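Me: I have this model open and would like to talk through a few of its side chains. Could you go over the surface and then the aromatic residues with me?

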Amino acid sequence: MLKRCLAQLFSLIVVKKIESTYNKAPECQAKILKQLIKKSQSTDFGRDHNFSNILSYQDFCNNVPVRDYEQFHGYIEKIKEGGKNVLWPGKPKYFAKTSGTTSGAK
């Protein structure tokens with residue numbers, strides 16, 4: 001009985017804490033976006049898309065168009081040839097092959 005009551009109390013506290021963050025989601029997402037932009041601004045992709053001047057989500061949308069895999073092909077080839085700091089700081093440890101519904105293997 002005591003364990004059950006304590007477990008219920010603990011779960012209520014956890015749920016309340018989670019619920020208190022709901023209205024902070026946009027603020028948290030904006031903060032994370034800024035951190036990611038800052039970290040990747042010295043990559044080829046970051047330089048090509050003016051990351052050093054992106055201050056908001058709207059700036060990001062204006063500078064980074066939505067694209068498909070084929071439009072990343074040049075960046076991918078550069079990484080495969082040994083390039084560093086292309087899409088993200090450093091070099092990827094490995095590539096994984098996948099296939100989608102719209103085209104063949106990627």
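Surface patch and ring cluster

Reply: In this predicted model, Leu 2, Leu 6, Leu 9 and Ile 13 together make a nonpolar surface patch of about 420 Å².

Me: Where does Ile 13 sit?

Reply: Ile 13 belongs to helix H1, which covers residues 2-21.

Me: And is Ile 13 buried or exposed?

Reply: Ile 13 counts as exposed because its relative accessible area is 52%, and the cut-off for exposed is over 50%.

Me: Switching to the rings, how many aromatic pairs are there?

Reply: The count comes to five aromatic pairs. One of them joins Phe 45 and Phe 51 in an edge-to-face arrangement, with 5.9 Å from centre to centre and 85° between the planes, and both Phe 45 and Phe 51 are buried.

Me: What about Phe 45 and Tyr 75?

Reply: Phe 45 and Tyr 75 also form an edge-to-face aromatic pair, at 5.4 Å centre to centre and with 65° between the planes. This pair links distant parts of the chain, since Phe 45 is in helix H3 (residues 44-48) and Tyr 75 is in helix H5 (residues 73-80), 30 residues apart. Like Phe 45, Tyr 75 is buried.

Me: Which residues do the ring pairs link into a cluster?

Reply: The cluster linked by ring pairs consists of Phe 45, Phe 51, Phe 60, Phe 72 and Tyr 75.

Me: What lies over the face of Phe 72?

Reply: That is Arg 67, which is placed over the face of Phe 72 at 5.1 Å from the ring centre.

Technical notes
Residues are numbered from 1 along each chain as its sequence is written. This is a predicted model: local features need pLDDT of at least 70, side-chain atom pairs count only at pLDDT 80 or more; totals for chains, interfaces and linings use all residues. Side-chain values use heavy atoms; hydrogens and water are left out. Patches are made of residues with over 30% relative accessible area and no salt bridge: like charges are joined within 9 Å, nonpolar side chains (Val, Leu, Ile, Met, Phe, Trp, Tyr) within 5 Å. Accessible areas come from the Shrake-Rupley method with a 1.4 Å probe; for residues, only the protein chains shown count as cover. A salt bridge is a side-chain nitrogen of Lys or Arg within 4 Å of a carboxyl oxygen of Asp or Glu. Helices (H or I, at least four residues) and strands (E, at least two) are DSSP runs, numbered from the N terminus. Buried means under 20% relative accessible area, exposed over 50%, partly exposed in between (1.4 Å probe, protein chains only). Rings of Phe, Tyr and Trp (its six-membered ring) pair if their centres lie within 6.5 Å; planes under 30 degrees apart count as stacked, over 60 as edge-to-face and the rest as tilted. A charge sits over a ring if NZ of Lys or CZ of Arg is within 6 Å of the ring centre and within 35 degrees of the ring normal.
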